[in-house]
Amino acid sequence: QVQLVESGGGLVQPGGSLRLSCAASGMIFRVYAMGWYRQAPGKERELVAAINRGGSARYEDSVKGRFTISRDNAKNMVYLQMDSLKPEDTAVYYCSRYSTYDYNSGIDVWGQGTQVTVSS
């Protein structure tokens, strides 16, 4: 079955960096658009960044210029490089698969999530 497994979360000070990784299995990875979402306590889950099959990406406004999404189709991996982290970035981060090659399609698979905490 399709599985998405996130890693790389943790505690970091404001201004620091983290790199999240997502390992995909049970699917033809290169075919699908992939995304990272996050959910903070008491808030709705929101899109952070998405990347389509061809490598084009989009970002939520608050992370533009600070976060970078990338993919390695040879390794079935998607990454989220997070720089200049702020306390408001604290959330559980979820890797996700879109139902097609296009990140305008819906999400059909979620990972289990990884906690990111930004605090001094």
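**A chat about sheets, a disulfide and a core**

Modeller: Let's begin with an open sheet of 4 strands, in the order β1-β3-β8-β7, where the pairing is antiparallel. Keep in mind that this is a predicted model.

Biologist: Okay! Which are the edge strands?

Modeller: They are β1, residues 3-7, and β7, and each of them pairs on one side only.

Biologist: And what holds strands of a sheet together in general?

Modeller: Strands of a sheet pair through backbone hydrogen bonds, and the pairing is either parallel or antiparallel.

Biologist: Back to this sheet. What does the twist average from one strand to the next?

Modeller: The average is 15°.

Biologist: How many bridges do β7 and β8 pair over?

Modeller: There are 6 bridges, and β7 and β8 run in the antiparallel sense. To pick one out by eye, find Ile69: its bridge partner in β8 is Leu80.

Biologist: New topic. How many disulfides does a search of the whole structure find?

Modeller: The search finds 1. The disulfide is formed by Cys22 and Cys95, and their sulfur atoms are 2.1 Å apart.

Biologist: Is the disulfide left-handed or right-handed, and why?

Modeller: The torsion about the S-S bond of Cys22 and Cys95 is about -80°, so this disulfide is left-handed.

Biologist: Is Cys22 buried or exposed? And what about Cys95?

Modeller: Cys22 has a relative accessible area of 0%, so Cys22 is buried. Cys95 is buried too, with a relative accessible area of 0%.

Biologist: Now the largest nonpolar core. Which residues touch the most other members?

Modeller: Those are Trp36, Val78, Leu80, Met82 and Tyr93, out of 28 residues in that core. Several strands each supply at least two residues, including β4 (34-39), β5 (46-51) and β11 (114-118).

Biologist: Which strand gives the most to this core?

Modeller: That's β3, with 4 residues.

Biologist: Let me zoom in on Val78. What does Val78 touch?

Modeller: Leaving out residues up to four places away in sequence, Val78 touches a list of residues that includes Leu20, Phe29, Met34, Trp36, Ile51 and Ile69. Both disulfide partners, Cys22 and Cys95, are also among the residues that Val78 touches.

Biologist: Last one! Which residues does the second, separate core include?

Modeller: That core has 6 residues, among them Tyr37, Leu47, Ala50 and Tyr103.

Definitions and conventions
Residues are numbered from 1 along each chain as its sequence is written. This is a predicted model: local features need pLDDT of at least 70, side-chain atom pairs count only at pLDDT 80 or more; totals for chains, interfaces and linings use all residues. Side-chain values use heavy atoms; hydrogens and water are left out. A disulfide is a pair of cysteine sulfur atoms within 2.5 Å. Buried means under 20% relative accessible area, exposed over 50%, partly exposed in between (1.4 Å probe, protein chains only). A nonpolar core is a set of buried Ala, Val, Leu, Ile, Met, Phe, Trp, Tyr and Cys residues joined through side-chain atoms within 4.5 Å. Contact means heavy atoms within 4.5 Å. Two strands pair if DSSP finds at least two bridges between them. Axes are lines fitted to C-alpha atoms, for helices over the stretch in contact, and angles run from 0 to 180 degrees between N-to-C directions.
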